[in-house]
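Visitor: I would like to learn how to read the sheets and helices of a model. Please take the features in turn, with the general idea before the case.

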Amino acid sequence: MSLYGAIEAGGTKFVCAVGDAKGNIQERISIPTTTPEETMPEVIAFFKRFPIDAIGIGSFGPIDVDKNSPTYGNVTTTPKLAWKDYPLLKAIKDEFSVPTGFNTDVNVAALGEAKLGAAKGVDNCLYITVGTGIGAGAYINGELLQGLTHPEMGHILVRRHAKDTYKGRCPYHGDCLEGLAAGPAIEERWGEKAFHLSDKEEVWEMEGYYIAQALMQYILILSPKKIILGGGVMNQEHVLTHVYRHLSDLLNGYVSYPEVQDKMNEYIVRPGLGDNAGITGGLLLAEKVLEESKAPIN
């Protein structure tokens, strides 16, 4: 059986693992995301210990996923300035002569959930993370969605909650979804970290309102068969009650399918793989690029 490497390159930590395409993890390590000069040598040293056949990378973004671009594989306009324009894919390929896949952390998590998690058996799903930032990955008809670039669903504009006077904190758009509903926005608006606000119902009602608006747009545009909500903020699971209620009000019966109208708690769910969605997706991406490398060229 092939041995795969997976990298979940997050804004606060790199999770690296080796395992198989069934999601069985042989060994893993967590490395702080500081600077490329500090983080990458530890990443490379970890994988040098194993006879890996391929690597799958899911990275924080924005990143360049256009294989025809001269900067394919780079981190691009990230607010983490030490990583701006960093050639992450090249750094790995320079050290390992194996097929290497590269995509966003949320797209790779969507792949993991579609194949082995909450959306197993479904050919169309959406994975959304609400944490330090907000991002979403889409698995559509068996493929990860990308076009001109990868989706940036965390930066859509939403209507303000009637009681919200907070200005928003997105450095690009101010009061976009991420600027109003990501973890740092919750902390700045209410003056405490999210996990200290568990019993403040007004916090989660507002959060549910913003997430529900985003889900309405995603449902109307992408029509996913399953929606998975992950990330640290979603550990406050009672926010889901507010998401369901606000989403039902916003849709107002327009999408007349039982999954949306009668079974919303089965349609919009927490990750089946828990915190392993991204790293499992990385293993699956590695399997995919290995298989592609063996396919005959027409």
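Visitor: In what order do the five strands of the open sheet with E1 stand, and what is the pairing?

Guide: Some conventions come before the answer. This is a predicted model, in which local features need pLDDT of at least 70 and side-chain atom pairs count only at pLDDT 80 or more, while totals for chains, interfaces and linings use all residues. Residues are numbered from 1 along each chain as its sequence is written, and side-chain values use heavy atoms, with hydrogens and water left out.

Guide: In general, strands of a sheet pair through backbone hydrogen bonds, either parallel or antiparallel. Strands (E, at least two residues) and helices (H or I, at least four) are DSSP runs numbered from the N terminus, and two strands pair if DSSP finds at least two bridges between them. Here the order is E3-E2-E1-E4-E5, and the pairing is mixed. Strand E3 (25–32) and strand E5 (100–104) each have a single partner strand, so one side of each is left without a neighbour in the sheet. From one strand to the next, the twist averages 15°.

Visitor: Which strands pair with E1, and in what sense?

Guide: E1 (residues 4–9) pairs with E4 (residues 54–59) in the parallel sense, over six bridges. Within that pair, alanine 6 is opposite glycine 56. E1 and E2 run antiparallel and are joined by six bridges; isoleucine 7 has cysteine 16 in E2 as its bridge partner. Three residues separate E1 from E2 in a hairpin.

Visitor: How many residues lie between E2 and E3 in their hairpin?

Guide: Five, and glycine 23 in the turn has a positive phi of about 90°. E2 and E3 pair over seven bridges in the antiparallel sense, with glycine 19 bridged to isoleucine 25 in E3.

Visitor: How many residues of E2 are buried?

Guide: Buried means under 20% relative accessible area, exposed means over 50%, and partly exposed lies in between (1.4 Å probe, protein chains only). In E2, six of the seven residues are buried.

Visitor: Where is methionine 40, and which residues does methionine 40 touch?

Guide: Methionine 40 is in helix H1. With a relative accessible area of 3%, methionine 40 is buried. Contact means heavy atoms within 4.5 Å. Not counting residues up to four places away in sequence, methionine 40 touches Phe14, Thr35, Trp83, Tyr86, Leu88, Ala91 and Ile92.

Visitor: How do H5 and H6 cross?

Guide: Two packed helices are described by the angle between their axes and the distance between the axes. Axes are lines fitted to C-alpha atoms, for helices over the stretch in contact, and angles run from 0 to 180 degrees between N-to-C directions. The axes of H5 (residues 183–190) and H6 (residues 201–222) come within 12 Å and cross at roughly 140°. H5 and H6 are therefore oblique to each other; angles under 35 degrees count as roughly parallel, over 145 as roughly antiparallel, 65 to 115 as roughly perpendicular and the rest as oblique.

Visitor: Which residues of H5 meet H6?

Guide: Ile186, Arg189 and Trp190 do, and their counterparts in H6 are Glu202, Val203, Trp204, Met206, Glu207 and Tyr210.

Visitor: What is the strand order of the open sheet with E6?

Guide: The order of its five strands is E8-E7-E6-E9-E10, with mixed pairing. E6 (residues 124–130) and E7 (residues 134–140) run antiparallel, joined by seven bridges.
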